[in-house]
Amino acid sequence: MADISWSDRFAKVLIDRKVAQTDVALRFADIFKDKVEFCEGDPKDIQRGVLSGEQFTQSKKQIHLTEFAGSFFKKCPGFHKGLACCNYYVLNLGFQCDMDCSYCYLQSFINSNYLTIYTNIDKALDELRSFSDSMKDSPVRVGTGEVIDSLSLDPLTLYSRKLIEFFNDYPKWKLEFKTKSALVDQFLDCEHAGNVIVSWSINPQYIIEREEHGTASFTERIQAALKCKDKGYLVSFHIDPMIWHPEWKNNYAVLVDEICKNFTPSDIPVLSVGALRFQPQQKNIMRERFAMDSLVTQAETFVGKDGKLRYDFELRKEMFDFVMTRFKSHDPAWKIFMCMETPETWNGTLGSSPHRQSDLKEFFKPLKKPDSDIRYPISDI
Ligand code: SF4
């Protein structure tokens with residue numbers, strides 16, 4: 001386990017008594033010792049609903065361990081009319097993130113003042129197993145980093161190890177960890193089937209320092225990716241969200257050059273780029289928490305068809321063109337797609353939608369519908 005003083009990072013850990021004997025809860029109890037309290041059901045001081053900035057910040061400092069009662073699988077948030085999206089299943093093993101990016105969409109989404117970790121990962125694996133008969137040979141992709149970072153708390157939960165082991169039995173499926181941490185040591189010794197992608201959302205160090213509080217530095221993320229590559233894991237980078245600032249060209253050029261210095265297109269099956277976007281209702285809490293010092297709260301944005309605020313089309317296109325051209329100038333074999341973007345941007349930047357790009361088509365192929373009632377993400381564009 002990485003040398004982290006976990007106990008200093010959280011104010012308290014509340015464990016639901018009914019999960020107190022699970023491996024995860026016992027590990028938390030051991031690590032957090034006098035910060036641990038037990039509860040029956042919800043914590044007594046839980047606050048639900050729209051959170052103030054202060055309550056949201058508090059929710060990153062107190063952990064609640066409990067079971068998840070519902071279905072673990074849901075559609076990728078890109079599955080909306082008007083957005084191009086890749087085929088993807090989302091597995092949430094918790095809710096809230098211990099890091100603190102100024103633009104984080106969780107600010108418009110989290111409705112409890114606790115960071116929740118679900119202890120019943122075995123139920124999630126059972127759900128996956130339940131549709132494996134009909135989907136075993138399909139190119140299923142499962143990602144774990146939607147409403148909780150895949151790896152930033154993984155040295156505590158060790159969920160990566162269970163998932164990697166499970167995916168050994170499904171070599172045609174892909175498991176994706178998505179993170180802004182550099183915490184990979186806890187699973188590097190696992191045997192894997194070559195179907196695990198460890199991916200980093202990455203930005204220039206200038207943006208990381210200003211906007212991505214509590215995350216690993218640019219160099220730490222690259223170093224962690226190299227460790228994974230050395231152990232045969234697939235790695236990927238999401239240059240997302242690109243954030244405009246006066247030196248953006250220079251800083252994103254350095255980022256692209258560093259990736260190309262350390263990795264080749266064959267190391268990284270596909271890269272993605274995305275630009276700053278957020279829900280209008282997020283503006284107030286971002287201003288409350290980060291004032292106007294942030295490049296995000298200062299950004300000039302416009303409402304898109306999906307209701308999110310984005311930079312204007314020309315600026316997004318310029319930013320994507322710049323990054324893509326820089327990658328292709330290093331090696332034309334780099335494959336780059338735009339995540340959560342409109343068909344107009346795809347057409348404006350690459351000349352056609354991802355379904356028609358020969359090097360990207362395979363990532364957007366509709367999946368066969370499973371026999372179970374799991375909802376599945378098929379782009380309707
Ligand atoms: S790492 Fe991701 S989930 Fe965590 S605060 Fe940043 S944007 Fe949000």
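Two strands pair if DSSP finds at least two bridges between them, and strands here are DSSP runs of E with at least two residues, helices runs of H or I with at least four, both numbered from the N terminus. With that in hand, welcome to the tour.

This is a predicted model, where local features need pLDDT of at least 70 and side-chain atom pairs count only at pLDDT 80 or more, while totals for chains, interfaces and linings use all residues. Residues are numbered from 1 along each chain as its sequence is written.

Stop 1: Select Phe302, and you will find it opposite Arg310 in β17. Now show residues 309-310, which form β17 and run antiparallel to β16, joined to that strand by 2 bridges.

**Stop 2: two helices.** Select 248-262 for α10 and 313-330 for α13: their axes come within 10 Å and cross at roughly 35° (lines fitted to C-alpha atoms over the stretch in contact, with angles from 0 to 180 degrees between N-to-C directions). For the residues that meet, show Lys249, Tyr252, Ala253, Val256 and Cys260 in α10, with Phe322, Val323, Arg326, Phe327 and His330 in α13; contact means C-beta atoms, placed from the backbone, within 7 Å.

**Last stop: the whole chain.** Zoom out to 14 helices and 18 strands. Among contacts with a separation of 6 or more, 76% join residues 24 or more positions apart.

Note on methods
Two residues are in contact if their C-beta atoms, placed from the backbone, lie within 7 Å.
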